[in-house]
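Hello,

Here is the structure I promised to hand over. Please look it over first, then read my notes below.

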Amino acid sequence: VTVYGGTYNANVFNQHYIFEVQSSIEYAIEENSNGTWTIVPSVAWVDNQEKSGNWYTYDIGYATLEEAFAAAAKCNREDYVETVTMLQDITLENTITVNAGEEIVLELNGKSIDVANENINCDIYGKLTLNDQVGSGVFTSRNHWVHKNAEFIVNSGTVQNIATATGGFPIYLDGGKVTINGGTVQALNGK
């Protein structure tokens, strides 16, 4: 069964059999405060590739970038590379984190990630690789904080800090490793 909208009394994507109910990657399911679930436009979707080259795709979108990162982390195994692909521009309400042991590729897909306020970071404790096949994608946060033993690889896209009077860094290196193969790293000053 494929669904493209509506409100349901249960999470229809988690029924008895995997992929019993599906949607296209452009839609996600979100829990409402009254216990019902609604199909909404997704902001990102996750696919994974076996390092041997075989592709397995989850044709389920996610309503938030945090949910997409959590799904990628849940699937994260040594023999796979998880890719979170952006489907629309978003504004983060909370800090986004790549935990130790996680390896995530973020494909901006020409989309922009902004932050709601100057206290929101991208905390990297694992490995995050940034790509942008379209070329106009921008990832903004207070700091893209690369912690001890972490790794941040920028292949394409733009990484920038939020312009504030109190500062911030496009990349803040705190004992980790940063590799810039392409793209743009831009420091903004709000003073």
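Buried means under 20% relative accessible area, exposed means over 50%, and partly exposed is in between (1.4 Å probe, protein chains only). By that scale Tyr-27 is partly exposed, at 28% relative accessibility. Tyr-4 is exposed, at 53%.

This is a predicted model: local features need pLDDT of at least 70, side-chain atom pairs count only at pLDDT 80 or more, and totals for chains, interfaces and linings use all residues. Residues are numbered from 1 along each chain as its sequence is written, and side-chain values use heavy atoms, leaving out hydrogens and water.

**Aromatic pairs**

Rings of Phe, Tyr and Trp (its six-membered ring) pair if their centres lie within 6.5 Å; planes under 30 degrees apart are stacked, over 60 edge-to-face, the rest tilted. The count is three aromatic pairs. Tyr-4 and Tyr-27 have ring centres 6.0 Å apart and planes at 80°, so they are edge-to-face. Tyr-4 lies in the segment before β1 (7-8) and Tyr-27 in strand β2 (residues 27-31), so this pair ties together parts 23 residues apart in sequence. Strands are DSSP runs (E, at least two residues), numbered from the N terminus.

Phe-169 and Tyr-172 make a tilted pair, with centres 5.4 Å apart and planes at 50°. Phe-169 is partly exposed at 44%, and Tyr-172 is partly exposed at 31%.

**Thr-38**

Thr-38 sits in strand β3 (residues 37-41). Thr-38 is buried, at 19% relative accessibility.

Best wishes

Note on methods. Helices (H or I, at least four residues) and strands (E, at least two) are DSSP runs, numbered from the N terminus.
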